[in-house]
Amino acid sequence: MGAFTVPTDLPESDGTAEWDSTTLVCVRLSAGKTRGLGYTYSHESCVPLIRQKFFALICGRDALDNHLHWEQMNAAVRNFGKRGIAATAIAAVDMALWDLKARLLGTPLVRLLGAVRDKIPVYGSGGFTSYTDKQLRAQFENWVGEGISMVKMKVGRDGEADPDRVRTARKAIGKKAALFVDANGA
């Protein structure tokens, strides 16, 4: 388990924040020789929380009892809050538990959880507000060229510039691809 900070290609921003890296917290759980992997995009402070609070609840216990583990992790954070860091830490461990369970049972995770549909469409999420029009066009043209039929861009940092950015994006993807916008609470 650990936290890994990955730099972005370029500075990125959305309607409410700016960043130049993303922190990925990875959790690996084992049962015998079988391993499960979970992760979350969060702060590195998830790591000691997981080690100090959650591993004690899980280690040596039934690796197949996901619901019990989830309830115990939520109970363990009751006095300092289930949202934010705690929620993302729980998610990483929960994901690792479900991956481990699927591997132990020798079944794909989608079958274990139960598929709602046979396939899902892919969409590209990017178009950061920090991108120039040229960068925005290049990203979206590349995605559509690869067969991605839906793209999402960020708006909200500069309300006056947003209509032109949306027009730039629409022109880059053509009339057939779907365009979504996300202001991230701005």
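Me: What makes the crossing of H5 and H6 left-handed or right-handed?
Reply: A crossing is right-handed if the near helix is turned clockwise from the far one, and left-handed if anticlockwise, by less than a right angle. H5 passes H6 in a right-handed crossing. Keep in mind that this is a predicted model, where local features need pLDDT of at least 70, side-chain atom pairs count only at pLDDT 80 or more, and totals for chains, interfaces and linings use all residues. Numbering starts from 1 along each chain as its sequence is written, and side-chain values use heavy atoms, without hydrogens and water.

Me: At what angle do H5 and H6 pack?
Reply: About 35°, with the axes 8 Å apart, for H5 (residues 133-145) and H6 (residues 162-173). The axes are lines fitted to C-alpha atoms over the stretch in contact, and angles run from 0 to 180 degrees between N-to-C directions.

Me: Which residues of H5 and H6 make the contact?
Reply: Contact means heavy atoms within 4.5 Å. Among those making it are Leu-136 and Phe-140 of H5 and Ala-169 and Ile-173 of H6.

Me: Why are S1 and S3 said to stand at the edges?
Reply: Strands are DSSP E runs of at least two residues, helices H or I runs of at least four, numbered from the N terminus. Two strands pair if DSSP finds at least two bridges between them. The open sheet has the order S1-S2-S3 with antiparallel pairing. S1 (2-13) and S3 (34-41) each have a single partner strand, so one side of each is left without a neighbour in the sheet.

Me: How many bridges join S2 to S3?
Reply: Eight, with S2 covering residues 18-31. One of the bridge partners is Tyr-41 in S3, for Leu-24.
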